[in-house]
Amino acid sequence: MTLHPTTPGFKDNAHQALRDPELQKALGHVQQGFIYKRQSAVERLPEFENLREAARDLKDHVLKHLDLYLETYERNVIASGGQVHFARTSAEACETIVNICKSHGAKSVTKGKSMVSEEIGLNGAIEAAGMQAVETDLGEYIIQLRGETPSHIIAPAVHLTKEQVEVDFRRVHTHLEPARDLSEPVQLLTEARGVLRQKFLDADVGITGANFLVAETGSSIIVTNEGNGDLTQSLPRVHIVIASIEKIVPTLEDAILLLRVLARSATGQDMSVYTTLSTGPRRAEDPDGPEHYHVVLVDNGRSAMLGTEFEDMLRCIRCGACMNHCPVYHAIGGHAYGWVYPGPMGAVLTPSLIGVEKGGHLPNASTFCGRCESVCPVKIPLPKLMRHWREREFERHLTPAVQRYGLKIWGFFAKNPGLYSLATRAAMTTLAWLGRDKGRFTSLPLAKGWTDYRDLPSPQGDTFQAQWRKRQKEARR
Amino acid sequence: MSPASARPRVGLFATCLVDLFRPSVGFAAAKLLEDAGCEVLVPPQTCCGQPAFNSGDRVTARDLALQVMDAFSGCDYIVAPSGSCTGQMVKHFPELFDEPQLAMRARAFAGKTFELVSFLTDVLKVTSVEATYEGRVTYHDSCSGLRELGIQSQPRALLATVKGLELVEMKESDVCCGFGGTFAAKYGEISDAIVTKKTAHVSESGAPLLLAGDLGCLMNMAGKITRQSKQIEVRHVAEVLAGMCDEPPIAARKEMRR
Amino acid sequence: MSARDDVFANIRRSLGVSGKEATRRAGVTQRLETTPRGPIPARGQGSPAARLATFITEATRVSASVVVLNNKDAVPDEVARFLRAANLPLSLKMGQDTRLAVLNWKSAGLDTSNGPSDGSDLNALSHAFGGVAETGSLVLLSGPDNPVTLNFLPDNHFVVLSAADLAADLESVVTKLKQHSALPRTVNIITGPSRSADIEQTLLLGAHGPRQLHIMVTLK
């Protein structure tokens with residue numbers, strides 16, 4: 001069921017994305033909105049840097065003790081009347097969830113936003129089993145109508161313009177007045193609210209993700225702005241939480257620490273509108289809430305990342321700040337990355353989860369500008385982790401041959417300063433002579449990757465070292 | 001500092017790109033260092049190894065790191081007119097060695113290695129330069145210098161003391177220009193989209209001269225600017241600070257000289 | 001091997017542990033028992049009056065409306081005033097919270113009903129368990145007193161917060177919650193009315209939850 005990655009075709013994907021005018025228009029909203037809002041929120045909180053460091057340390061502590069906190073969490077979920085299921089793979093997770101839905105005779109399943117459910121291809125599995133899966137986050141709802149995957153981990157429809165959304169709503173909401181005005185976002189939102197309200201009330205099962213799982217209490221925590229996650233979990237008879245194993249935090253206090261950096265990094269809010277702790281099913285005296293509470297804990301490759309150079313990636317709390325600040329993401333959007341997780345976090349995580357053979361482009365498609373790391377709320381050294389993937393690719397001879405040989409030749413000269421001096425002096429003097437009129441090259445056979453898009457400045461003449469030595473000699477004379 | 005002389009012995013690590021493409025930046029750096037009272041040495045050198053390091057070839061990166069540390073072993077300081085190469089030497093050389101002896105050596109080397117402009121201001125406490133440039137300039141913060149080394153205020157502080165110079169900030173001066181070393185060639189199309197945004201911001205600033213502290217970024221931006229036929233000159237910040245703008249700007253023909 | 005055992009075995013293999021190491025267990029037990037707090041921002045701290053001022057600033061910033069009432073007896077009139085001003089029907093759904101039940105709704109002209117919401121209620125009233133000055137947030141507990149559906153289905157959500165329950169930070173509310181009793185099924189931390197920016201990053205209020213959140217802080 002897992003989404004088939006188009007990541008091996010990353011360059012083609014990027015090519016298409018760069019030539020898609022609607023996408024380019026929509027991407028402008030990412031660059032403007034998120035960055036400014038995060039910056040304002042951070043400036044309003046002098047303690048932010050201390051919080052980042054504490055958040056990093058907390059997540060590291062959890063990862064080093066993950067087995068023990070998972071045991072505690074499991075025990076406390078059961079104590080509060082819930083059930084815990086473990087899944088090694090996507091297929092196992094889907095099967096578990098489908099079976100829970102079937103056992104309750106479910107026909108309709110509502111879903112809050114969950115990236116891990118995208119990762120395991122849950123909607124496809126639910127529908128293949130003859131049930132309806134309804135995404136309820138506005139952005140997720142829109143892309144579900146379009147048969148797309150999210151292009152951003154917190155703003156799934158950020159690649160779309162309102163005009164595109166209008167077309168989809170008119171195509172799908174055929175029971176509504178055709179002449180209605182849908183030209184503004186508020187009209188689109190109101191329409192989705194109306195359509196989805198009935199879906200919430202009709203659902204048999206509600207599935208949400210989890211931002212955090214609290215070991216101390218067995219609670220799952222979700223944060224949303226729309227309230228869809230709350231309607232998803234409060235109205236149906238069954239609430240299923242799907243979460244990956246690294247979402248565990250020890251205590252509620254620890255969850256609060258991470259909440260302080262999460263929304264600020266994501267949307268520039270101090271807190272998301274709704275932060276909800278769910279612990280077990282409804283109590284005997286409760287007039288509302290789900291009667292059954294299940295948690296499905298998904299590994300799907302994460303336990304294998306522990307203890308490796310990629311362990312730091314498991315600190316990720318899925319805020320999206322890295323992609324919001326990434327020049328590559330700004331240029332091509334999220335779909336070009338070809339799988340579930342885009343941007344810098346996706347560039348590290350995707351090869352871990354689908355294999356570097358398929359995901360190998362992503363850690364290479366970075367300028368290493370470091371802006372992602374500078375805004376990461378849990379201080380994941382994203383460029384360093386991308387470099388580690390490049391190392392693995394190099395070791396396994398997955399690096400493209402041209403690049404390998406180029407590096408080899410360059411490395412040979414660089415390690416032999418005498419030869420290097422001879423070769424570079426000859427080359428630069430020749431190039432300088434060739435480029436003497438224009439001061440640049442508009443095309444060079446061996447540098448097409450460069451000169452297809454920009455000129456290559458021509459060298460000034462002899463190398464600096466040669467000129468320096470000459471001047472030193474002259475000065476000594 | 002060597003005991004024989006009060007002047008610090010500064011090894012100038014020119015960087016490959018300056019060595020090969022723009023020696024005038026090396027001479028400008030040497031002048032700034034000498035004016036600030038340093039004895040400048042240029043040991044035979046090739047590359048800091050960053051291209052290998054960032055391509056996943058740690059073996060070559062280690063060999064080159066050792067070669068650089070050997071070549072500059074007699075210097076009190078190592079200074080480079082590049083945040084990127086300095087970042088490699090300061091932040092990444094120590095990551096390359098697990099052997100305690102070598103790691104210690106790499107850390108010691110990193111401790112005396114600096115980017116040119118921040119070395120002038122932060123170590124030598126230079127507060128002004130003797131240079132004149134009539135006109136407006138805009139400054140691009142190269143990523144490694146900015147985020148690995150914290151270089152942001154230093155070049156602006158010294159530029160403010162250049163007679164006749166007015167610094168106008170472009171929008172998003174701290175956003176990548178799309179160079180990224182081999183990225184620019186491997187993912188040329190994406191790189192192009194990024195540098196196109198950058199040159200638009202440069203244009204919007206209205207400044208006729210673009211400065212930065214890294215020749216890689218400068219060659220990328222200058223190459224785009226000439227390809228777009230924009231009338232903007234591009235130089236390394238050291239050239240302006242040293243008052244050495246005799247050579248044509250980057251990627252410009254001789255008659256474009258001011 | 002079951003999936004569960006496999007996952008635990010894989011984690012332990014990767015971490016190079018058996019799970020039986022006494023020092024690791026002790027570290028975990030200690031963290032769970034001592035519940036250390038992270039850095040707590042200064043923003044919400046201060047005297048009760050300062051906290052109230054901060055709460056009002058922060059809640060207003062996130063588009064909630066806030067009034068301070070000298071006495072909780074004034075709550076029905078305030079709800080009626082709000083509804084009349086907004087041209088809304090004078091109906092109100094609430095739970096069994098005695099702090100709300102004792103108020104004189106009839107004299108304010110309000111038509112009240114009790115229980116959870118089935119989606120047909122326009123207006124609902126809840127009593128908060130606590131408030132957080134730092135972020136202008138409300139903390140509500142599910143149960144018969146304040147059914148969770150009232151927080152999300154109605155268009156207009158009224159919440160009473162006793163000034164005595166207004167804490168500087170969320171940690172303080174959680175501490176009180178842990179002393180209070182077992183956790184309820186749902187704890188809702190609510191910071192402003194529902195919103196979405198999913199279409200072109202345009203921020204709009206009233207996505208799936210309430211369009212308006214009106215907070216009444218009662219001093220007595």
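Tutor: Domain bounds here come from an automatic or database domain assignment. Keep in mind, too, that this is a predicted model.

Student: Which domains does the assignment give for chain A?

Tutor: Chain A is assigned domain 1 (7-298), domain 2 (311-395) and domain 3 (413-476). Between domain 1 and domain 2 of chain A, the C-alpha centres lie 21 Å apart.

Student: How many residues does each of these two domains of chain A bring to the contact?

Tutor: Domain 1 of chain A supplies 37 residues, and domain 2 of chain A supplies 34 residues. On the domain 1 side, the elements giving two or more residues are helices H1 (10-18), H2 (21-43), H3 (48-64), H6 (115-120) and H12 (252-266) of chain A. H2(A) gives the most to that side, with seven residues. By class, the domain 1 side has 20 nonpolar, nine polar and eight charged residues.

Student: Now for helix pairs. What describes two packed helices?

Tutor: Two things do: the angle between their axes and the distance between those axes. Take helix H8 (residues 138-146) and helix H9 (residues 162-172) of chain A: their axes come within 10 Å and cross at roughly 65°. Angles of 65 to 115 degrees count as roughly perpendicular, so H8(A) is roughly perpendicular to H9(A). The crossing of H8(A) past H9(A) is left-handed.

Terms used. Residues numbered from 1 in each chain as written. Chains lettered and ligands numbered in written order. Predicted model: local features only at pLDDT ≥ 70, side-chain atom pairs only at ≥ 80, totals over all residues. Axes fitted to C-alpha atoms, helices over the stretch in contact; angles between N-to-C directions. Helix = DSSP H or I, 4+ residues; strand = E, 2+ residues; numbered from the N terminus. Parallel < 35°, antiparallel > 145°, perpendicular 65-115°, else oblique. Left-handed = near helix turned anticlockwise from the far one by under 90°. Contact = placed C-beta atoms within 7 Å. Nonpolar A, V, L, I, M, F, W, Y, C, P; charged D, E, K, R; others polar.
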